[in-house]
Amino acid sequence: MDLTFLQIVEIIAALTAAIGATLIMFPRRSGWAFLLVSGLLYILLFAYNKLYATLLLQMGFASLSFYGLINWSKNVEKAVNFCPVIPSFKIVLRDLLFAAVGSFFWAEILAHFTDDPHPYIDGLLSIYAMLAQYWMSRAFFCHWILWLFADSAYASFLFFCHLPLSALLYAYLALLSIVGLIHWNNLRKKNRV
């Protein structure tokens, strides 16, 4: 079977994302390096497929992966006394409302100024995934819940867009969100002060 350049890029991007997300679950700082590589490769892939919101999302992922790599302390790398952050209800609600408003405006921009074949779903998913990534870089416990919903929706969307390896990756990430939620909850109970 002959693979095209973009298929090879998709395979490597999916594998590095799966490895990175798995390492973050444990929590290992090195996962951010894998997520950075994945984000850079997905920028290329989504540019080719004209999924502009998802392309910009990957730019944000790459940036937040770099931030996460720097932000997570050495203690996080060793999982010594790591305790996920429980943000206040006010912060969660504020962030979700900003994401709702932002996704509406972003989808409208995509619909009117680009040739994105799916501007509304692309815009909606990209904004909420960016919020989940931001929460993850801050070690917010609730990021796993948002990832579960976003990754499940992305799995269906990418399968529909004929990106089966990426769809499979997002299905894996949705399942990983459940495991991560359980694991981080156990860490929270064990290490809370």
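The chain exposes about 9,900 Å², and carbon and sulfur atoms supply 73% of this area. Accessible areas follow the Shrake-Rupley method with a 1.4 Å probe; for residues, only the protein chains shown count as cover. The model is predicted: local features need pLDDT of at least 70, side-chain atom pairs count only at pLDDT 80 or more, and totals for chains, interfaces and linings use all residues. Residues are numbered from 1 along each chain as its sequence is written, and side-chain values use heavy atoms, with hydrogens and water left out.

The chain holds eight helices and zero strands. Both are DSSP runs, numbered from the N terminus (helices: H or I, at least four residues; strands: E, at least two). The radius of gyration is 16 Å, close to the 16 Å of the globule rule for 193 residues, so the chain is as compact as a globular protein of that length. The radius is taken over C-alpha atoms, and the rule is 2.2 Å times the number of residues to the power 0.38. Of the 193 residues, 47% are buried. Buried means under 20% relative accessible area, exposed over 50%, and partly exposed in between (1.4 Å probe, protein chains only).

Two loop residues stand out by backbone angle. Most residues other than glycine have a negative phi. Alanine 139 has a positive phi near 60 degrees. Its place is the loop between α6 (119–137) and α7 (143–160). Alanine 139 counts as buried, at 10% relative accessibility. Histidine 162 has a positive phi near 65 degrees. Histidine 162 lies in the loop between α7 and α8 (164–191). At 67% relative accessibility, histidine 162 counts as exposed.
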